[in-house]
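Let's take a walk through a protein together. Have a look at the sequence and the 3D picture, then read on.

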Amino acid sequence: MKITILNENTVYRQGLFAEHGLSVLIEENDRRFLMDTGQSDVFLKNAETLGVDLTKLDGIILSHGHYDHCGGMEYLDGSRGMPPVYIQKSAFEKKYSGMEEDKRFIGIPDSHADWMAHVRYTKDLEEIAPGFWLIGKIPYRTDFEKRPAGFWIRDKKDGGLCWRADEMEDEQILAVSTKKGLCLFMGCSHRGVVNCILRAEEALPDIPVYSVFAGMHLGRAGEKQITGTIESLQKMNIPVLMPVHCTGKRAAGMMAAAFGDSCILPETGQVLEF
C-alpha cells in the first residue's frame, strides 16, 4: 500500500502548500482512490509539484459533507473524465457550525452541480472495488465519545426554516484489505475514532485492523475523551496509528508519547508505504 498525503493541516516541505483540510491518495493492488479534496485547489497544486497523476483514478471518496473535505471538488473538471464519486446522500444537507445566532455554513459548496452526474450514493456497507470497503452507520458505543456540540443542519419545515443537531450520519470509513490486515481511513471521526474502529471490526470481523489513518476530532476535546481514546487504542493493539488533520496538536503529541514508533504524524507531501 502507498499513501500520498496531498493536503493535511501541516507542511514542512519546500514548494508545497497546506490548509485546514484533508486529501490523500491511496494505492493498493493497482487501484487508486482519492479520499477527500481539502477546501480548495491546494491538493491539485501539491499533486503537480509531487508529480502525482490524478487523471487515472478508480474513484473519489468523500468522507463526509464538510467544506474542508469536499471543497476542492469544484476545481476538478466534472464535465468529462471524472471517476465515480462515492458519498453518503445525507452529506448534501445544509451543514453549519457555531452556537446560538453565530452559525456559519460549513457544508458542500453550492457549486457541486458540475460533478453531481458522477455521484454514487453509498450504502452502510459496500465493496466499491476488490478489497476496498466503505462503511457507514457508525453507532455510539463508548462512554467518552459523544456527538460534537455546535454542529447543525438547516431544514425546511412547515414553509419555514428550522435548526436540528447534525448527527453526522453521512460519515463513512474506508477500509482497505491488505496482506497485513485492514487499513482504515477516516476524514474526521466525528462520532469518535474508537467508535469508528469498532464499527469496522463489526462490519469486517474476519480481518484484523493493521493501521488507522484518521482525523480524530480531538482538537477541542476534554481530558476524558483524549485519555479514553488513548487507553482504548492501547487495548486494541493496532500496529500503526496515523493521527491527522483535526486530531489536534495536543492529542497527537500525547499519542506519539504513548505509542512511540507505532504512531506516525503525517504531513503534507509525505509518502508512506507499507
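We'll begin with the whole protein and finish with a single residue.

What you see is a predicted model, where local features need pLDDT of at least 70, side-chain atom pairs count only at pLDDT 80 or more, and totals for chains, interfaces and linings use all residues. Residues are numbered from 1 along each chain as its sequence is written, and side-chain values use heavy atoms, with hydrogens and water left out.

The protein has five helices and 17 strands (DSSP runs numbered from the N terminus: H or I of at least four residues for helices, E of at least two for strands). Its radius of gyration is 18 Å, close to the 19 Å from the globule rule for 274 residues, so the protein is as compact as a globular protein of that length. That radius is taken over C-alpha atoms, and the rule is 2.2 Å times the number of residues to the power 0.38.

How much of the protein is buried? Buried residues make up 55% of the 274 (buried is under 20% relative accessible area, exposed over 50%, partly exposed in between, with a 1.4 Å probe and protein chains only).

Now zoom in on Ser-97, which sits in strand 6, residues 95-99. Ser-97 counts as buried because its relative accessibility is 12%. Leaving aside residues up to four places away in sequence, Ser-97 touches Asp-102, Lys-103, Arg-104, Ile-106, Gly-150, Phe-151 and Trp-152, where contact means heavy atoms within 4.5 Å.
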